[in-house]
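This briefing goes through one protein model, topic by topic, for a reader who has the sequence and the coordinates at hand.

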Amino acid sequence: MHPPLRSPDRPRSARPAEPRAGGPATGRALARWLLALSLAAAVHSAPPTSEALGRARSARHLPRWLFQPRPVAQRSSEPIAVLRPPVSGRVLIRAGVYTMGSSPEEIALALELCRSEPAGEECRSEGFADEYAPHPVLLRDYAIDRTEVTVADYGRCVALGRCAPPPIEAGGRRFASPELPQVLVSWNEALAYCRFRGGRLPTEAEWERAARGPAGRRYPWGEVYDRHRLNGGRFALDPFEARDGYVELAPVGSFLAGATPDGIHDLAGNVEEWVADWYAPEYPEATEIDPQGPIGGDEKVVRGGGFGHGAAWVRGASRSKDVPSARRAWRGFRCAYEAEAR
Ligand SMILES: [Ca+2]
Ligand SMILES: [Ca+2]
């Protein structure tokens with residue numbers, strides 16, 4: 001589960017670069033400090049059962065380049081603007097079986113990754129126990145957005161009166177650029193947008209299949225973490241990581257080398273993503289067919305980690321959760337569609 005635990009008493013281990021946009025320097029510093037505190041407050045709280053813990057321990061689609069290329073500054077720290085066509089559209093994922101969830105060995109590796117972070121002494125294996133048990137899942141054909149839903153996308157729905165305007169206060173205006181992922185939306189608002197588009201939120205199983213592929217790779221691009229392939233962060237009092245080019249949000253599709261082989265972007269990092277399912281602290285061991293998650297609950301599943309999360313929390317199998325009404329500056333979503341609706 002993520003986001004990582006963090007101690008407010010821990011000294012700052014490093015200063016990140018200044019944000020790309022925002023208000024006066026002191027205002028930005030305050031905003032970032034508040035965001036860091038908010039990230040810390042959003043710590044996963046529900047420990048898994050001792051039974052789950054014991055087990056954990058023992059153990060396509062052609063791109064449509066119909067748009068004019070537009071300049072996109074790919075790295076905020078470099079003075080070069082990289083011209084590339086915008087990423088858009090959907091990817092069809094064919095029906096098939098894959099293994100959802102993590103083995104005890106994979107959970108142990110996640111813990112190792114966690115312990116390598118600046119605040120690694122706070123890592124506990126129970127933080128990842130909810131990825132257990134690995135189990136076969138059969139999914140039907142479905143389609144999923146290539147990118148996180150953008151501010152421009154969401155704004156079209158707002159303009160038509162079909163979506164609620166996001167509560168962007170003065171301090172959050174830096175999150176309102178058209179090419180950035182839409183943040184500060186509740187689960188219900190995310191669902192309303194996807195319905196407006198003729199879709200729905202992806203199930204947790206669909207999201208994980210999109211990120212891990214049929215063979216269950218660890219990250220969208222492969223097996224090894226590489227901070228240059230995503231907009232991520234770190235497990236520390238100050239979770240911001242600017243060495244990937246972005247302190248906070250990045251324009252969607254900025255990390256071409258971080259896409260899945262079938263061209264789905266930012267499934268690791270940038271914004272963590274709402275999915276359809278209610279949260280349950282463990283998976284069944286039996287084979288599931290097109291699982292939809294529990295029939296009810298208090299919290300919805302969130303996937304993929306955001307710009308404040310490190311290597312362990314941006315794995316394709318990593319899970320998090322939050323109450324449906326929550327709005328976070330590091331959380332967005334993407335939509336899924338029935339295959340025939342493409
Ligand atoms: Ca970053
Ligand atoms: Ca993401």
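A190, leaving aside residues up to four places away in sequence, touches V185, L201, W274 and F333. The model is a predicted one, and in it A190 is, together with I144 and L201, among the residues with the most contacts inside the largest nonpolar core, a group of 70 residues. The protein has 342 residues, of which 46% count as buried, and its secondary structure consists of six helices and twelve strands.

- In soluble globular proteins, nonpolar side chains tend to be buried together.
- Strand β6, residues 142-145, is covered on both faces, with Y142 and I144 buried on one side and A143 and D145 buried on the other.
- Strand β3, which spans residues 90-93, pairs with β6 in the antiparallel sense over four bridges, and within this pairing V91 stands opposite I144.
- Strand β12, residues 336-338, also runs antiparallel to β6 and is joined to it by three bridges, with A336 of β12 standing opposite I144.

**The sheet β4-β5-β8**

- Three strands form an open sheet in the order β4-β5-β8, and the pairing within it is mixed.
- Because β4 (96-100) and β8 (288-289) each have a single partner strand, they stand at the edges, and one side of each is left without a neighbour in the sheet.
- The antiparallel strands β4 and β5 (residues 135-139) are joined by five bridges, and G96 stands opposite L139 of β5.

- Helix α3 covers residues 104-115, and its twelve residues should span 16 Å at 1.5 Å a residue, which agrees with the 17 Å between its end C-alpha atoms.
- The buried residues of α3 are E106, I107, A110, L111, L113 and C114; they cover an arc of only 160° around the axis, and therefore lie on the same side of α3.
- An α-helix has 3.6 residues a turn, so residues three or four places apart point the same way.
- G213, which follows α6, has a positive phi, near 75°.

**Backbone geometry in the loops**

- Most residues other than glycine have a negative phi, and most peptide bonds are trans.
- The peptide bond from Y132 to A133 is cis, with omega near 10°, and A133 lies in the loop between α3 and β5.
- N270, in the loop between α6 and β7, has a positive phi, near 65°, although it is a residue other than glycine; with 34 C-beta neighbours inside 10 Å, N270 counts as buried.
- D290, in the loop between β8 and β9 (300-303), likewise has a positive phi, near 45°, in a residue other than glycine, but D290 is partly exposed, since 13 other C-beta atoms lie within 10 Å.

- L256 belongs to the loop between α6 and β7 (272-278), and it is partly exposed, with 13 other C-beta atoms within 10 Å.
- L256 and V87 are 169 residues apart in sequence, while their C-alpha atoms are 9.4 Å apart in space.

Note on methods: Residues are numbered from 1 along each chain as its sequence is written. Chains are lettered from A and ligands numbered from 1 in the order in which they are written. This is a predicted model: local features need pLDDT of at least 70, side-chain atom pairs count only at pLDDT 80 or more; totals for chains, interfaces and linings use all residues. Helices (H or I, at least four residues) and strands (E, at least two) are DSSP runs, numbered from the N terminus. A residue is buried if 20 or more other C-beta atoms lie within 10 Å of its own, exposed if 12 or fewer, and partly exposed in between; C-beta atoms are placed from the backbone. Two strands pair if DSSP finds at least two bridges between them. The expected span of a helix is 1.5 Å times one less than its number of residues. The arc is that of the directions from the helix axis to the C-beta atoms. A nonpolar core is a set of buried Ala, Val, Leu, Ile, Met, Phe, Trp, Tyr and Cys residues joined through C-beta atoms within 7 Å. Two residues are in contact if their C-beta atoms, placed from the backbone, lie within 7 Å.
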